[in-house]
Amino acid sequence: MDTETEPDVNRAEDPARKQPRFVVIGAGMSGILSAIELQKAGFDDFVVYEKADTLGGTWRENTYPGIACDVPSHFYSYSFELNPDWSHRFAPGAEIQAYFEGVAHRYGVVERIRFGTEVARCAFEEGRWRIETAAGESDAADFVIAATGVLHHPAIPQIEGLDVFEGAVFHSARWDHEVPLEGRRVGVVGTGSSAIQIVSALVDRVARLTLFQRTAQWITPMDNPAYTEQEKAEFREHPEAMETLRADTARAFTEGFANVLVDAESPVLDGIHATCVANLESSVKDPELREKLRPDYRATCKRLILSEDFYDAIQRPNARLVNEGIERVEAKGVRTRDGELHELDVLVLATGFRVDRFVRPMEVIGRDGAALDAIWQDGPFAYLATSVPDLPNFFMLQGPNGPVGNFSLIDVAELQLTYILQLVERVRSGGCREISASWPAMERFEAERREAAKKTVWASGCRSWYIGADGLPTAWPWTYDRFREEMQRPRLEDFETR
Ligand code: N01
């Protein structure tokens, strides 16, 4: 075992090292990007396994009414595939899905995807990863890139009686488009980003809309203008204008948002809070409803919600905000703790995701039988969100403790691939055969991360999906600038190489 090995000429001549085989798991935004970057780096021996029948990940799965990305589309685009045709500043979900499909076709990624193939197990045996699919097929690879997503496994709430409801019930990420909504009584559970968009999109289509709120949300106003045909033509003619727009947006998000969330003392956060308070005060007329909608924690403690129309929607005559707490679901609707039965035809569970799953339920067995489930028994972690000790040549995109929240995860994935491909290069050039974060580096990183997490606004007193089992925020707790810097060049002394 060593941490810094001189290149070994014999190893460098090893054809398997020079042209290693990769398995990419997942054909969402990160998996498509992985395939493109592998090709660009000259690696041609790879396959992308995708359990579903189509690509797109989050954007394939979330098709609820009103879905859009709250990161401006010119920033939520691959840096090498800017799109002059985005319809709006914040494009709707179907447009984003079409964008990924288009990119995957243009870069020859689609032909590399094995659709309908779920990877059930990855085990590191005799220096290579043995891959087993749920259908019983096997494959082998020198490297695994797990691009399995973060917000992927729907969290179904433990509410008594969900199974006795006579109407239609489904999770926001499993929208049942067969269920008619026009003229129906629809209930929505949850007040996260998904619920807020659903309520705004549905209220004018349904007979009655009931929003079951457990926790109020701060909402910042957003402006979502459509791009004119002239603007699109300008973008097409002068792609550098899109590059400037992307760079300006990235800077504004980094400096005005991502970098300040990690410092609960930042005065910028007070400004964001004041904007949210003013939005509530000026938008909601009825004082009783206004107080029901007023959160008792600081804005940005939970992921900040951007909306141009939620407050209007919830004030419509056919909308009702219920914050009495759900007692149970019955055949005819939802009974709240005050004894009232809210009769419904459709119940939407906009109740978020199981964010501690990451690559699981896939079974991952590393070196000497080290099981990822056991390594993560107290909660998931990864060195710089990409590598776990004892899992050599296994890298994660959007793994635990990475930057999440109101930020472009495309930018995050691009930076992570820059980093991962440098680790791969270390192996390909004969520097070593196996590379993964060392335990001492992992432990140091975890200790520093937990200390920093306490200073972030996410730890300022609210419940959210950012909080891990130990009560601390799990997201990257330093500035985004620091993340970008870390991703430029791996510190090889933090890796165990063999
Ligand atoms: O899920 P959430 P989401 N009884 O976890 C409530 C991204 N995203 O799907 O706050 C009653 O945020 C829960 O209540 P509470 C984005 O990163 C982006 O909306 O825990 N209520 C909460 O209100 C986002 O953050 C976009 O008290 C229950 C809600 O359900 C992430 O996805 C759009 C409950 C869950 O909110 C997740 O958003 C959509 C129960 N038993 C999603 N259990 C955009 O870019 C849970 N809740 C716009």
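Guide: Start with the aromatic cluster. Ring pairs join Phe75, Phe253, Tyr383, Phe407, Tyr419, Phe445, Trp476, Trp478, Tyr480, Phe483 and Phe495 into a cluster. Keep in mind that this is a predicted model.

Visitor: How many aromatic pairs does the structure hold?
Guide: There are 32 aromatic pairs. Take phenylalanine 75 and phenylalanine 407. Their ring centres are 5.6 Å apart and their planes sit at 90 degrees, so this pair is edge-to-face.

Visitor: Where do phenylalanine 75 and phenylalanine 407 lie?
Guide: Phenylalanine 75 is in the loop between α4 (58-61) and α5 (93-106), and phenylalanine 407 is in the loop between β19 (394-396) and α13 (409-428), so the pair ties together parts 332 residues apart in sequence.

Visitor: Are phenylalanine 75 and phenylalanine 407 buried or exposed?
Guide: Both phenylalanine 75 and phenylalanine 407 are buried.

Visitor: Give me another pair.
Guide: The ring centres are 5.6 Å apart with the planes at 70 degrees, so tyrosine 78 and phenylalanine 100 are edge-to-face. This pair links distant parts of the chain, 22 residues apart: tyrosine 78 is in the loop between α4 and α5, phenylalanine 100 in helix α5. Tyrosine 78 and phenylalanine 100 are both buried.

Visitor: Switching to the ligand. Which residues come nearest?
Guide: The ligand has 23 residues around it, and Ser194, Thr215, Lys302, Arg303 and Trp465 come nearest.

Visitor: What's the shell made of, by class?
Guide: It has nine nonpolar, nine polar and five charged residues. Helix α6 (residues 193-202) gives the largest share of the shell, three residues. At least three shell residues come from each of domain 1 (9-153 + 354-497) and domain 2 (162-218 + 262-349).

Visitor: Now the backbone. What should I check?
Guide: Some background: most residues other than glycine have a negative phi, and most peptide bonds are trans. Here, the peptide bond from arginine 360 to proline 361 is cis, with omega near 20 degrees. Proline 361 is in the loop between β17 (346-349) and β18 (363-365).

Visitor: Which phi values stand out?
Guide: Glutamate 126 is not a glycine, yet has a positive phi of about 50 degrees. Leucine 384, not a glycine either, also has a positive phi of about 50 degrees.

Visitor: Where does each one lie?
Guide: Glutamate 126 is in the loop between β4 (119-125) and β5 (128-133). Leucine 384 is in the loop between α12 and β19.

Visitor: Buried or exposed?
Guide: Glutamate 126 has a relative accessible area of 83%, so it counts as exposed. Leucine 384 is buried at 2%.

Visitor: One last stop. What about asparagine 393?
Guide: Asparagine 393 is in the loop between α12 (372-375) and β19. Its relative accessibility is 1%, so asparagine 393 counts as buried. A polar atom of the asparagine 393 side chain is 3.4 Å from the backbone oxygen of aspartate 142.

How values were computed
Residues numbered from 1 in each chain as written. Predicted model: local features only at pLDDT ≥ 70, side-chain atom pairs only at ≥ 80, totals over all residues. Heavy atoms only, no water. Near = heavy atom within 4 Å. Helix = DSSP H or I, 4+ residues; strand = E, 2+ residues; numbered from the N terminus. Nonpolar A, V, L, I, M, F, W, Y, C, P; charged D, E, K, R; others polar. Domains from an automatic or database assignment. Phe/Tyr/Trp six-rings, centres within 6.5 Å; stacked < 30°, edge-to-face > 60°. Buried < 20%, exposed > 50% of the residue type's maximum accessible area, 1.4 Å probe, protein only. Polar contact = N/O pair within 3.5 Å; in protein donor to acceptor, adjacent residues only side chain to side chain.
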